[in-house]
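I opened the model today and kept notes as I went. The entries follow the order in which I looked things up.

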Amino acid sequence: MISCLLLRKLLCAGRAKFSILSFTLFISFNILAQEDYKPKFGVIDKESVAMTAYPADSTAEAVFLYDFAEVKFSYDSQMGIVMTRESWVRIKILKESALSSASVSLPFYDSQRYDKKEYIDNIKGYTYNMEGGQVVATPLDKKSVKREKTSEFYLAQKFNLPNVKKGSVIEYAYSITTPLNYKDKPDVWNFQGPVPFKWSEYRITIPYFLEYKITMGGYLPLYINERKQVDVTMGHSKYNGPALAYRFVVKDAPAFMDEPFITTKSDYLSKISFELASIAVSGEMVKRYSQTWEHVDRTLDEMPWFGGELRKESYLKEVRDKIAAETQDPEVRMNKAYAFVQNHMKWNGYTGIGSKEGVRKAYDNKKGNDSDINIMLVTLLRELDLTCDPVILSTRSNGRIIQEIPMLESFNYVIARVQIGEKEYLLDATQPNAKPGLLPERTLNGYGRLIPKKGTGRFLEIVPKDAQNKLEMINAEINPEEGTVKGNYSISYGGYEALRWRDKYTGEPESAFHTDLKKQVPEWQVKNIAGKNKADDLQSAVNVSCEFEIESESSSPDILYFNPVLAGRWASNPLKSKDRIYPLDLTTSISASYIGSFVLPTGYVLEEIPKAEILTLPDKAGKFAYQVRQTGNTIQVNSSILVSKTRFTPEEYLDLKEFFERVVQRHSQPLVIKKKNN
Amino acid sequence: MQIIRLSRQWLLLLLCTTGSSAIFGQADFNVGKIPPSLLTDANAVVRLDETIWEITSKSEGRRRSRSVVTVFNEKGEEEHGRLMVSYDKFTKIMDIGGNLYDATGKLVKKLKNADIQDYGYGSGGDEITDARIKVADFGKKSYAYPYTIEYSYEVRSRNMMFYPKWLPVADENSAVELSVYKIKAPAGFEFRYKEYNGVSPVTKSKDTDGADLYQWTIENYAASKKSDAYPLPLIDHSPMVMAAPADFEIQDYKGNFRSWEDLSKFYYTLNAGRDMLPPATIAEVNAVIKDAKSDREKVQLIYKWMQGRSRYVSIQLGIGGWQTIDAATVASKGYGDCKALTNFTLAALKQAGITSYAALIRAGEEEKMKSDFPSSQFNHVIACAIVAKDTIWLECTSQITRPNFMGTFTGGRYALLVMPEGGKLVSTPDYKAQQNIRNSRANVNLEEGGNGQVEVQVLYTGLQQESRKNLMHSGNKEEQKKWLLNHINLPSLELERFELMEGPEQEPTITEKLSLNVRNCATKTGTRLFVKPSLLSRPFELPEATERSADFYLPVSDYNFTDLDTVSYVIPTIYKLETSLPSYQVTSVFGTYESKTSFENSKLVCSRKVILNGGRYPSKDFPAWIDFLKKIRKADRAQVVFVENK
């Protein structure tokens, strides 16, 4: 258990990304020393309206002066337990581009069933402007609020606040009521957004019979973190009783800035999220939701859309028998089963834990989500007597899994794990062009949880076996007199590079990659473009080759400046920012090599040979080797970039940036070739 | 950018012009029946596509569509797999149907109600509208390629301002076996149409019920092979038939579109009398212009006042898609769509005694219309004030635009002035190369190892200032910095300081100041230093194709410009010049390029001037364009080489 005070300290230090707020500690933290902020709706301070720029971020287009939500639970005889969120936001508009924040759309869920639909009520709003040194408030006209059915299950309340201009402060409030039958937990609350938030406050009062796991995420400290025991009247005697009232405030949150090489924004945003752990109404059976990992495992096994699906196998009998008759070798069986599911099924682009309409149905449709496809794969492999279990994970865009907090709903993807002897294979058959074991990038997000047939599951790290492999080679002759460089060029794409290449060109006419190759080297005269192993053997690399001729650009026939990194050149540094706030995630390791071999005619020499360079990143995280050698009349150039680590801390950012910088520098260096003076 | 939805109805129709079984019956959709010549490079083949537009009266019409498409791969499926039909208060969907056939032409699935979804048109955003859309597809199941999808639907329209436009080969990666557009009208009913871009003339006949039938057909049209780097605008090269009413009725309004003047008049009638301002607003206007010395100044002051007190929102309800919210409402709410904000501005100008008109326009970068066919092709409304026989154009949906600046959004095209009588198309200001300037001066202090401290000042005018102006008025410092980092043409750099400033002149200008710390600003190899004269200049891409048979188009929004770049390097004294100083001059019909270099007193001064003129060029000029690009690229690659004094 981590106490809340400790949590705050850790957050301040920027190290702890999360913590569990304990429910058994009935302590309240009243931070009396701190300045509190409790505005009144419809009453604004003149200072905010008069403000022309926000001191903490002078060019911000808007500032959320106040972003407030309070969630309370109650009982309704028709809807059952409902949660009601009172929301209230106050925004200062500083630039014209933020005027659209006064056009508001509030979506909410619609259903035929009374106990499943949401309601939005009490929409009210004001716009405040300075007029002749006075603050003038214009209320939102209730009649201008329009309700629209946006799709089968959603409605939206839409309105435009009046008289909004640059400098205005707008505020609006509403309440949204959600039955627990529709959604059993409050929405995630973000303390941060694309513009600065001056005061973001979230309150929730949780009655005694509901237990939620609360998770804090992000990098900002809590300014107020209070918890009090209170008594609540719910509207029904069996629900009345003690409750915990929480209050969380983040003050002066800067605008959230997106950075390249991150998993997904929500992993870095400061936020609070909830997961229902149990419902324990006095006098009734306790209903437990995934409270421990063992519960998660058991729940999954019991659910018809997961465990249930894993126990159905009749539809696979025919292919099972066919593969079983062909071979006894477990690895061959695995590859055959993988290839079968890969070819039979088309991924519909959706991710999720569990089959939607049944794996059998998906099998007949030849289309399904990740669960349909990979549960089918697990089933088939188990039927072929292999040790195979599903692994649930969260895709990169879905956010990080926090192992300390058992939550089934954090997961949104299923893959398969096979064990043959000592060897482990992780398989995902959703990708038509991936070899067995090559997991798509979306699945590379740290850890997954293995759900075995019997017993408890465990976490395993999902480490890609393959890198982004690219090897480029040039063999050419330099002819300074004719002013040409002539030779051949070959590229070998392996691992994730091969997957990308195949995803792009499989099923496309041959001309597609020819065109793209020519586009990459527009000044070259290219002929005899050939592609080998485009899709025949997914286990091996794709090879592309061509012949070329380039006009050299020497300013005189006696001296030639020539950049020997003709291909595979890193022309610019992918890391542009001076520093970094968030960790960096490259997804997979990188291996990019270039070998150039150039023959000089007799009578020419390399005037200067650049020094060889070998650069390593700490802890063997990466290595760059660059060398130019002359043997006889041949110049040999080698460049090899290897980044084996995929996750870097902000502290390591500058090292990595410098590493890339040196690559760019080396790759820009020309050789100087001179005619020998006889 | 903000656009009204005048032509929304038919945007979607373009995606799904279709055919009718009444004429062609149940054909054989076996994939083997496709003429082999159509299979090359096609992601899909439109087997049959028929649209029947049946005009029942001046106030009502019926559109029936049927399309049968064989898809060969995922791209073809993405393009044709889904049917979208929009509707609103004036348009009712009577029927949607679909069938799916396998490669042999055997029916394998029929579209069910569960395959059809219904969405609000503005569901994604905060737009308020009553327009909706139905989307149908067969996506639940995977079918082996090739397979054939058939969709048909029927829509009843009571909005007769619009007749369907026929663009049968809008998707260039699909071949078309047969596409037909039919208009059926009561005998003798007058309406208008025009063929473009090689469509064969209409075939007229009589239907069994005596009605007039007009028919256009396209057959065996192959997919175009490659992606074109410089395509002509679609409506300038793709076969097309435009149709429009002569007389029509909508709700209680009657109008006719025989000429631009008629269209102008109709719009005027629809919106007349909605420009009454409340007394308080009249007082505001009078106060705003009380010290103005000229009409021009009055216009500028009123425009600025309007920009400061109102904002753009999108509200399209009922006939409100074409009829403005009255000026009094805009005055009290402080918001409106383009029609409403324009109407409000015109009301204020009228109060100030300035002659002014609303102007209908097709807004958007590189948006084109056909000026020889009067019809509703507009999507936006702006204001046009007349001052001393001069026009001042006012974009009323923007709070940051200067008066009379139209830029890529509304510049260089036709606008229809809305008048009770004598409305006509007029040209809006064009932005030529000499108006769209980037003038940069960079001073570089080079260290011996090649690192450099760079101070840059750039002045942008015309179209070239648009992106910088938008940057300046949105986003915070960090976001601006990120944008600049991605738009500075250097392999790696640190942006230490930057500043964006608006010029005070009426013609908008932006000055950008940058302080950069550039590692390897010059490349050091051994004892040599390689210096780039074209540091920070705009790069030129070279297309892959070297010849073409069709005319090509260099979008004026990208290609009308003048770049004047000067870079001054201070070279460390340990170096002496090794090479000659590059100097290039390239002239072509597209423009000119000139670069010069001088070296004196350790100062290397490199200047570069590029003038380009976009527009349509004949195919025979294409080799010259490639040659021009190659020469520019070569000149830009030139380096000045220094070697250490020994």
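Entry 1. I am working from a predicted model.

**Entry 2. Chain B overall.** I looked up the secondary structure of chain B and found 14 helices and 38 strands. I noted that the C-alpha trace of chain B spans about 100 × 70 × 45 Å along its principal axes. Of the 646 residues in chain B, 45% are buried. I then took the contacts in chain B with a separation of 6 or more, and 74% of them join residues 24 or more positions apart.

**Entry 3. Where chain B meets chain A.** I found 50 residues of chain B in contact with 54 residues of chain A. Several elements of chain B give two or more residues to this side, including strand 6 (116-120), helix 7 (295-309), helix 12 (477-487) and helix 14 (622-637). I sorted the chain B side by class and got 23 polar, 17 charged and 10 nonpolar residues.

**Entry 4. Helix 14 of chain B.** I checked the length of this helix next. Its 16 residues should span 22 Å at 1.5 Å a residue, and the end C-alpha atoms are 23 Å apart, which agrees. Which residues of helix 14 of chain B are buried? I list Phe622(B), Phe628(B), Ile632(B), Ala635(B) and Asp636(B). Down the helix axis these buried residues fall within an arc of 150°, so they line one face of helix 14 of chain B. I looked for what they pack against and found strand 31 (552-554), strand 34 (584-588) and strand 35 (591-600) of chain B.

**Entry 5. Helix 5 of chain B.** This helix covers residues 260-271, and its 12 residues reach 17 Å from first C-alpha to last, close to the expected 16 Å. I noted its buried residues as Leu263(B), Ser264(B), Lys265(B), Phe266(B), Tyr267(B) and Asn271(B). They pack against strand 16 (253-256), helix 9 (338-351), strand 20 (355-361) and strand 23 (414-418) of chain B. After helix 5 of chain B comes Gly273(B), with a positive phi near 75°.

**Entry 6. Nonpolar cores.** The largest nonpolar core has 138 residues, and Phe344(B), Ala359(B), Leu360(B) and Ile382(B) touch the most other members. Another core, of 51 residues, lies apart from the largest one and includes Phe306(A), Met334(A), Ile373(A) and Tyr496(A).

**Entry 7. Val456(B).** I picked this residue in strand 26 (residues 452-461) of chain B. Is Val456(B) buried or exposed? Val456(B) is buried, because 20 other C-beta atoms lie within 10 Å, and 20 or more is the cut-off. Beyond its neighbours within four places in sequence, Val456(B) is in contact with Ser440(B), Ala442(B), Leu514(B), Leu516(B) and Leu536(B). I also took the C-alpha separation of Val456(B) and Asn601(B), which is 21 Å for residues 145 apart along the chain.

**Entry 8. Domains of chain A.** I have chain A divided into domain 1 (4-91 + 172-288), domain 2 (293-461) and domain 3 (468-675). The centres of domain 1 and domain 3 of chain A, taken over C-alpha atoms, are 51 Å apart. Their contact takes 5 residues from domain 1 of chain A and 6 residues from domain 3 of chain A. On the domain 1 side I counted 3 nonpolar, 1 polar and 1 charged residues.

Note on methods:
Residues are numbered from 1 along each chain as its sequence is written. Chains are lettered from A and ligands numbered from 1 in the order in which they are written. This is a predicted model: local features need pLDDT of at least 70, side-chain atom pairs count only at pLDDT 80 or more; totals for chains, interfaces and linings use all residues. Two residues are in contact if their C-beta atoms, placed from the backbone, lie within 7 Å. Helices (H or I, at least four residues) and strands (E, at least two) are DSSP runs, numbered from the N terminus. Ala, Val, Leu, Ile, Met, Phe, Trp, Tyr, Cys and Pro count as nonpolar, Asp, Glu, Lys and Arg as charged, and the others, Gly among them, as polar. A residue is buried if 20 or more other C-beta atoms lie within 10 Å of its own, exposed if 12 or fewer, and partly exposed in between; C-beta atoms are placed from the backbone. Domain bounds come from an automatic or database domain assignment. The expected span of a helix is 1.5 Å times one less than its number of residues. A nonpolar core is a set of buried Ala, Val, Leu, Ile, Met, Phe, Trp, Tyr and Cys residues joined through C-beta atoms within 7 Å. The arc is that of the directions from the helix axis to the C-beta atoms.
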